[in-house]
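I opened my notebook to look up a few features of this model.

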Amino acid sequence: MVVFSNTQKILSEVLIWVQLLTALVALFYLPQLKNSHWKWLSYYCCAVFLMEAFAKWGLKNHPSSISKYYDFFVIPIEFIFFYWVYAIKSLNRPKLFWVIVGICCISFLPYFTIIPKPGMMLSLSYTVGTVLLMLLVILEILKQIKSEKILLFHTNYMFYINIGIILFYVGTLPFFSFYNLLLGEPDLWSIYYTFFLIANNLMYLLFTAAFIWGKPNTY
């Protein structure tokens, strides 16, 4: 049985308010972004807060539904949004976007066919989704390195998004990929869960920083 530490409980409670802060900052800067595709990042941050709030309070009395809610609704939306940001808007490779979305969808098929345990399938789909996102991050970093605007990195939305994505999605990949195995090692699981909470909070703080210091015409 998993026992949460006081630090983990605090970080978990703080997360929803950090996401609210990000959503409020996103709304504040939305008028400045109305002619930029970054307005969709504002909508995304607001949507994430609403989805997280629904999971926290709306599904409070239905804990068995929370995992399916995240696995088949929240997480796919998050992946598809960032695939769109990276592949289409930043890298200008729409075909790559559709290929990646297709592969991500295929990774869910085993749940309906040969794999009887949802936990195994969800580790597979999350791993595939994150590896694909990691590929896009690498391509984006290579693009930024070759860009003449690299010295203006602090005004580039993608700079903050890259760090956030690397911290959270890439950093916690082993945690979710081997989640069931880690449950057999409570101490290791606890350490990684704490990192997951810290990385999640930092990612949304980085998104907040993107709105404050980023420039709408950056890619």
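Entry one, the core. I am working with a predicted model. I looked up the largest nonpolar core and found 59 residues in it. Those with the most contacts inside this core are L41, F82, Y83, Y86, I161, Y169 and F211. Helix 9 gives the largest share, 13 residues.

What is F211 in contact with, leaving aside its neighbours within four places in sequence? I listed V25, A26, Y29, L33, W38, L41, S42, C45 and Y157. I also noted a second, separate core of 5 residues. I16, A23, F49 and A53 are among them.

I found a nonpolar patch made of I138, I141, L142, I145, I150, L151 and I166. Together they have about 630 Å² of accessible area. Helix 5 (residues 118-146) supplies the largest share of the patch, 4 residues. I166 lies in helix 6 (residues 157-170). Its relative accessible area is 37%, so I wrote I166 down as partly exposed.

Where does N92 lie? I found N92 in the loop between helix 3 and helix 4. Its phi is near 55 degrees, a positive value in a residue other than glycine. Is N92 buried or exposed? The relative accessible area of N92 is 61%, so I marked N92 as exposed.

Terms used. Residues are numbered from 1 along each chain as its sequence is written. This is a predicted model: local features need pLDDT of at least 70, side-chain atom pairs count only at pLDDT 80 or more; totals for chains, interfaces and linings use all residues. Side-chain values use heavy atoms; hydrogens and water are left out. Patches are made of residues with over 30% relative accessible area and no salt bridge: like charges are joined within 9 Å, nonpolar side chains (Val, Leu, Ile, Met, Phe, Trp, Tyr) within 5 Å. Accessible areas come from the Shrake-Rupley method with a 1.4 Å probe; for residues, only the protein chains shown count as cover. A salt bridge is a side-chain nitrogen of Lys or Arg within 4 Å of a carboxyl oxygen of Asp or Glu. Helices (H or I, at least four residues) and strands (E, at least two) are DSSP runs, numbered from the N terminus. Buried means under 20% relative accessible area, exposed over 50%, partly exposed in between (1.4 Å probe, protein chains only). A nonpolar core is a set of buried Ala, Val, Leu, Ile, Met, Phe, Trp, Tyr and Cys residues joined through side-chain atoms within 4.5 Å. Contact means heavy atoms within 4.5 Å.
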